[in-house]
Amino acid sequence: MFDHIIVEVALGLAAVYLVFSLLCSTLVEFIAGLLSLRGKQLERGIRYLVEDEQMSADLLQHSMLSKLSDKYRKASYIPSENFRIALIDSLRLYKTEKKTLLECLNELPAGGLRQSLTAMWLDADEDEQVFKDKIESWFSGNMVRVSGWYKRQIQKVLLLVAFILAAMMNIDSIRIARDIPHDEELRAEMLQQLPQLIPQQGLFNNEQSTAGNAQSDIELLKQRYQVLQQTTNELETLELPIGWHGFTFVSQNFQWYDWMLMLLGWFISAFAASMGADFWFNSIGKVMNLR
């Protein structure tokens with residue numbers, strides 16, 4: 001029976017974390033879109049490649065790139081072909097009767113950009129089509145690094161948002177783990193309704209990328225919001241020990257160390273939410289099988 005209680009507590013926590021992480025990730029995606037975080041990281045990645053501030057500004061203002069943004073939002077995705085055309089045109093890397101492409105490259109400011117482009121040109125055996133393909137591959141490869149920058153940034157934002165929401169909603173993991181074992185009726189109801197709390201797994205694919213499609217992001221947010229409303233309502237019927245309902249601030253029994261435990265419980269909940277809804281979806285399945 002003791003083993004069953006531990007498993008049931010784990011299921012209760014996982015169910016809360018599942019819905020909570022879905023709420024946090026949806027809110028963070030909204031914030032990221034509002035602040036154009038993807039676009040800003042993409043722009044940072046291009047400046048990192050070009051290195052020179054003036055050349056970076058000229059490149060980003062090229063119509064092949066600037067037209068991908070709008071008045072309110074920076075472009076979150078740049079096709080490698082657009083980048084290649086804009087780069088060659090903005091740097092004036094084309095043959096003339098007086099200059100070859102290699103001579104044009106040698107006129108660029110000394111630095112990583114000139115070194116990289118010259119190396120690609122020589123490696124292409126001075127074949128222009130191969131050179132263009134190498135520029136596109138070079139850009140796509142570096143965008144993988146930019147995607148990593150964005151994911152780390154989003155992870156920090158997600159942890160901060162999750163902690164704030166955990167405090168506002170009083171999602172205290174320590175309190176939940178402490179109270180569920182003493183409520184047999186709650187555990188029985190929770191196990192009965194748990195399958196209804198699990199939405200489709202496809203909604204939990206939260207792989208963040210600078211190559212994301214804005215329209216797809218909007219559709220995913222709409223689906224998440226609809227599912228979130230439904231699962232939150234179902235979770236409320238369980239009456240799990242979350243929220244401020246019935247919580248008494250003024251109590252002789254509530255000491256300073258209780259506040260410290262509560263803060264720790266909020267942080268645990270925030271850290272759990274930062275692991276993603278997909279993780280908790282899979283965890284619930286494994287715990288159900290274990291049970």
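This is a predicted model: local features need pLDDT of at least 70, side-chain atom pairs count only at pLDDT 80 or more; totals for chains, interfaces and linings use all residues.

**A first look at the chain**

The chain exposes about 16,500 Å², an area that comes from the Shrake-Rupley method with a 1.4 Å probe. Residues are numbered from 1 along each chain as its sequence is written, and side-chain values use heavy atoms, with hydrogens and water left out.

**Overall make-up**

- The chain has 13 helices and zero strands; helices are DSSP runs of H or I with at least four residues, strands are E runs of at least two, and both are numbered from the N terminus.
- Of its 291 residues, 44% count as buried, meaning under 20% relative accessible area (1.4 Å probe, protein chains only).
- Among contacts (heavy atoms within 4.5 Å) with a separation of 6 or more, 78% link residues 24 or more positions apart.

**Helices H7 and H8**

- The axes of H7 (residues 112-123) and H8 (residues 128-169) come within 8 Å and cross at roughly 135°; axes are lines fitted to C-alpha atoms over the stretch in contact, and angles run from 0 to 180 degrees between N-to-C directions.
- H7 and H8 are therefore oblique to each other, since angles under 35 degrees count as roughly parallel, over 145 as roughly antiparallel, 65 to 115 as roughly perpendicular and the rest as oblique.
- Residues of H7 including Leu-113, Met-120 and Trp-121 meet residues of H8 including Phe-131, Ile-135 and Trp-138.

Methods
Buried means under 20% relative accessible area, exposed over 50%, partly exposed in between (1.4 Å probe, protein chains only).
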